[in-house]
Amino acid sequence: VQLAESGGGLVRSGGSLRLSCAASGRIYRVNNMAWYRQAPGKERELVARITRDGEIYYLDSVKDRFTISRDNAKNTLQMLMNNLRPEDTAVYFCNAEVQINRNYEYEYWGQGTQVTVSS
């Protein structure tokens with residue numbers, strides 16, 4: 001199973017970016033999907049998570065600015081990031097819990113995409 005991310009880049013403070021992630025390979029079902037981020041010198045943190053049924057969690061600092069969504073039919077994940085701040089600068093990683101059959105579920109990570117917000 002591979003997770004391919006796109007959509008990172010450089011944006012000014014207050015700007016917007018949309019991240020996308022597509023899962024491919026031996027997939028029976030994709031369960032939880034999430035975006036994590038890791039800034040230089042900091043630990044990786046969960047930014048937003050969405051269950052297959054659409055239940056959503058956001059990190060407090062991104063609530064009302066970021067919107068996570070998914071397409072179960074296409075096995076894709078998106079996150080619209082509005083009103084970006086310099087402290088949002090990080091490498092963003094797509095994460096997915098994927099069943100390869102009825103009995104086995106594994107966690108997968110994308111390669112990461114850089115988001116840089118200038119002040």
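Some housekeeping first. Residues are numbered from 1 along each chain as its sequence is written, and side-chain values use heavy atoms, with hydrogens and water left out. Since the model is predicted, local features need pLDDT of at least 70 and side-chain atom pairs count only at pLDDT 80 or more, while totals for chains, interfaces and linings use all residues.

**Salt bridges**

Let's start with charge. A salt bridge here is a side-chain nitrogen of Lys or Arg within 4 Å of a carboxyl oxygen of Asp or Glu. By that rule there are four salt bridges.

| Pair | N to O distance |
|---|---|
| Arg37 and Glu45 | 2.8 Å |
| Asp60 and Lys63 | 3.1 Å |
| Arg65 and Asp88 | 2.8 Å |

How buried are the partners? The labels go by relative accessible area: buried means under 20%, exposed means over 50%, and partly exposed is in between (1.4 Å probe, protein chains only). In the Asp60 pair, Asp60 is exposed, with a relative accessible area of 60%, and Lys63 is partly exposed at 42%.

Then there's the pair of Arg65 and Asp88, whose side chains meet in a salt bridge with 2.8 Å from N to O. Arg65 sits in the loop between strand 6 (56-58) and strand 7, and Asp88 in the loop between strand 8 and strand 9, so this pair ties together parts that are 23 residues apart in sequence. Strands, by the way, are DSSP runs of E with at least two residues, numbered from the N terminus. Arg65 is buried, with a relative accessible area of 6%, and Asp88 is buried too, at 1%. Salt bridges that share partners join Arg37, Glu45, Arg65 and Asp88 into one network.

**Thr113 and what it touches**

Thr113 lies in strand 11 (residues 113-118) and counts as buried at 11% relative accessibility. Its side chain has a polar atom 3.2 Å from the backbone nitrogen of Gly8. What else does Thr113 touch, leaving aside residues up to four places away in sequence? Taking contact as heavy atoms within 4.5 Å, the list is Glu5, Gly7, Gly8, Leu19, Ala90, Val91 and Tyr92.

Ala90 turns up again from another direction. Ala39, found in the loop between strand 4 (29-38) and strand 5 (45-50), touches Thr89 and Ala90, again not counting residues up to four places away in sequence. Ala39 and Thr89 are 50 residues apart in sequence, yet 6.5 Å apart in space, C-alpha to C-alpha.

**Two asparagines with positive phi**

Asn75 has a positive phi of about 55° although it is not a glycine. Asn75 is in the loop between strand 7 (66-71) and strand 8 (76-81), and at 18% relative accessibility it counts as buried.

Asn83 isn't a glycine either, and has a positive phi of about 50°. Asn83 is placed in the loop between strand 8 and strand 9 (90-99). Is Asn83 buried or partly exposed? With a relative accessible area of 41%, Asn83 is partly exposed.

Note on methods. Helix = DSSP H or I, 4+ residues; strand = E, 2+ residues; numbered from the N terminus. Polar contact = N/O pair within 3.5 Å; in protein donor to acceptor, adjacent residues only side chain to side chain.
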